[in-house]
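Please describe how this chain is put together. Cover the strands, the sheets and a few selected residues.

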Amino acid sequence: MSKTVTWVHVGDLHMDEADGLLSKTRLQATVAEINTWVGAAADFVFLPGDNANHATPAQYAHILEALEPLGLPWRAIAGDHDFEPGDLAHYEAAFPAANRPEVEVIAGHRCIFLDMISAGAGGPDFRLTMHHRNRLFEELARAEADRQTPIVFMHGYPGDLAADGDVIARTLADARVAFVDTGHTHYNELLNDGRVVYGATRSTGQIEEDDGQPGYAIVTVHDRVPSWRFKTLGSPWPFVQIVAPADYRMVTRPADPQQVPRPGTVEIVAKVYGHTDQPASLRFADMEWAMTGPDEAGLVRVAVTLPAGLHRLTVACGTDQDSVSVLVRDVDDIPRRGVPVAPGRDIHSVGPWPEHGIAGTQLGPNKNGRRW
C-alpha cells in the first residue's frame, strides 16, 4: 500500500457575478493546468469552503461548470459564505453527496471532512455540529485501530471555533493527526503548534497578498511527513516538492527519524509534477547527486550521508527547485517538546517562507486586509 497521499488545494472561490465571475475564469485555468500537468500525481482536488459568495444556485452552477472537465476527483466542505441563506440547502443541493464525504480512506490515510459551519449563526460564529464532533472522535479512533494516518479538512483553524477550540485541537494532537487543511484566511499560512501542522491556502477570488496572484497549494503526506508548497497559476512547469524528510518548520514528532533523521545515511524523497524528461538532482554543500525514479507513486529518491546539524537541501528539476532545512540529530540529542500552549491557533504561524509561497503578512479580510 502506498504511504503517500497528495491533493491540490484550490482556495476559497467566493464565486460571484459582482466581480465578473473572476473565480470561474481562474478555476477553469486551474482545472486545465491540473489536467495537463498534474494528472494522476495527485489523488484529488480540495475546495475548502466559501465556494459561492452568496450561496445562490446560479453561483454553484458556475462552479460545477468549471469543474466539469476536471480529470481528478474533487472534494468540498462548506464555509460561512455557503451558509449565507441561513442553512446549507443550496450547497447540498448543488454539490453531489459523493463530492462532500464525511470520511474517505486514501492510500492508508483516513481523511476526515468536518462541518464547522451549520451549528453556528454564520461566520465568524464557527461551531462543530454534535454529529461532526462525535464523528471526528470515532474516525480518529478508527485510524488508530487500523494503523492509518489521520488527516483533517475543516474551513478554519480550531482556534477559530467559538466553542471548544482547545478541546478539538488537543484531540487532533493526541490522535497524531499529520495535517489539518483549511481555508477561510484568504492568505497562505502554515501553523505548527508542536503537535499538528495546519495549512491555509489563499482565496482564489479575493486575494490581497502577492499583488493578487492566484494559484493553488499542492499538499503531500508521505510516511506521516507533511509538505506544502504553493504554485502560482500560469507559472512554468515542472514543479518540485520535497516530501521527506521534514523541514524543521514542519516537525511535530522529533523522535521520528522521518522527521528528524539520525546522522548517517538519509534518504531524500521528492515528487516532480509535470511532464519532463529532465532528471531531478539533489544539491547539498556544493555537491550534487542524481536522483532515481520516478517510481509508481511518482517519487524520486537519493540516499546521502548527513552529519548532525541543520542542513539546507535543494531538489531541482528543469527550471524549478524546492528547498528544505532538515535537522539531523543523534538519538541522545533529540529535541524535547514542551507542554502545548494554545494549540490550533495562528500564534503558531511558522512565519514567512517565500520559497513555499508564504509571505507571512496575514493579509486578508479576516486579519489585516480590507472588507470585501
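Strand β5, helix α4 (residues 130-145) and strand β6 make a right-handed β-α-β unit. Here right-handed means that, with the strands pointing away from the viewer, the path from the first strand over the helix to the second runs clockwise. Helices (H or I, at least four residues) and strands (E, at least two) are DSSP runs, numbered from the N terminus. This is a predicted model, in which local features need pLDDT of at least 70 and side-chain atom pairs count only at pLDDT 80 or more, while totals for chains, interfaces and linings use all residues. Residues are numbered from 1 along each chain as its sequence is written, and side-chain values use heavy atoms, with hydrogens and water left out.

**Around β6**

β5 (residues 109-113) and β6 run parallel and are joined by five bridges. Two strands count as paired if DSSP finds at least two bridges between them. F113 has F153 of β6 as its bridge partner. F153 also has a bridge partner in β7, namely D181. β6 and β7 (residues 179-182) pair in the parallel sense over three bridges.

How many of the five residues of β6 are buried? Five of the five residues of β6 (residues 149-153) are buried, so the strand is largely enclosed by the rest of the structure. Buried means under 20% relative accessible area, exposed over 50%, and partly exposed in between (1.4 Å probe, protein chains only). In a regular strand the side chains alternate between the two faces of the sheet. In β6, T149, I151 and F153 point one way. P150 and V152 point the other way.

**The antiparallel sheets**

Strands of a sheet pair through backbone hydrogen bonds, either parallel or antiparallel. β12 and β13 (residues 264-273) pair over five bridges. I242 has A270 of β13 as its bridge partner.

Another open sheet has four strands, in the order β15-β14-β17-β18, again with antiparallel pairing. β15 (287-290) and β18 (320-328) stand at the edges with a single partner strand each, so one side of each is left without a neighbour in the sheet. Neighbouring strands of this sheet are turned by 25° against each other on average, direction ignored. β14 (residues 281-284) and β17 (residues 309-317) pair over three bridges. S281 stands opposite A316 in β17.

| Residue | Location | Relative accessible area |
|---|---|---|
| T30 | helix α1 (residues 22-38) | 3% |
| R110 | strand β5 | 9% |
| Q259 | loop between β12 and β13 | 0% |

Contact means heavy atoms within 4.5 Å, and neighbours within four places in sequence are left aside below. T30 is in contact with V10, Y216 and L233.

R110 is in contact with residues including E139, R142 and A143. Its contacts also include T149, P150 and I151. R110 and V152 are 42 residues apart in sequence and 8.3 Å apart in space, C-alpha to C-alpha.

Q259 is in contact with residues including R224, V225, P226 and L327. Q259 and Y248 are 11 residues apart in sequence and 7.9 Å apart in space, C-alpha to C-alpha.

**The whole protein**

The protein has five helices and 18 strands. Its radius of gyration is 20 Å, close to the 21 Å that the globule rule gives for 372 residues, so the protein is as compact as a globular protein of that length. The radius is taken over C-alpha atoms, and the globule rule is 2.2 Å times the number of residues to the power 0.38. The C-alpha atoms fill a box of roughly 60 × 45 × 40 Å, taken along the principal axes.

Of the 372 residues, 57% count as buried. Among contacts between residues at least 6 apart in sequence, 70% join residues at least 24 apart. The accessible surface comes to about 14600 Å², of which 50% belongs to carbon and sulfur atoms. Accessible areas come from the Shrake-Rupley method with a 1.4 Å probe; for residues, only the protein chains shown count as cover.

Methods: Axes are lines fitted to C-alpha atoms, for helices over the stretch in contact, and angles run from 0 to 180 degrees between N-to-C directions.
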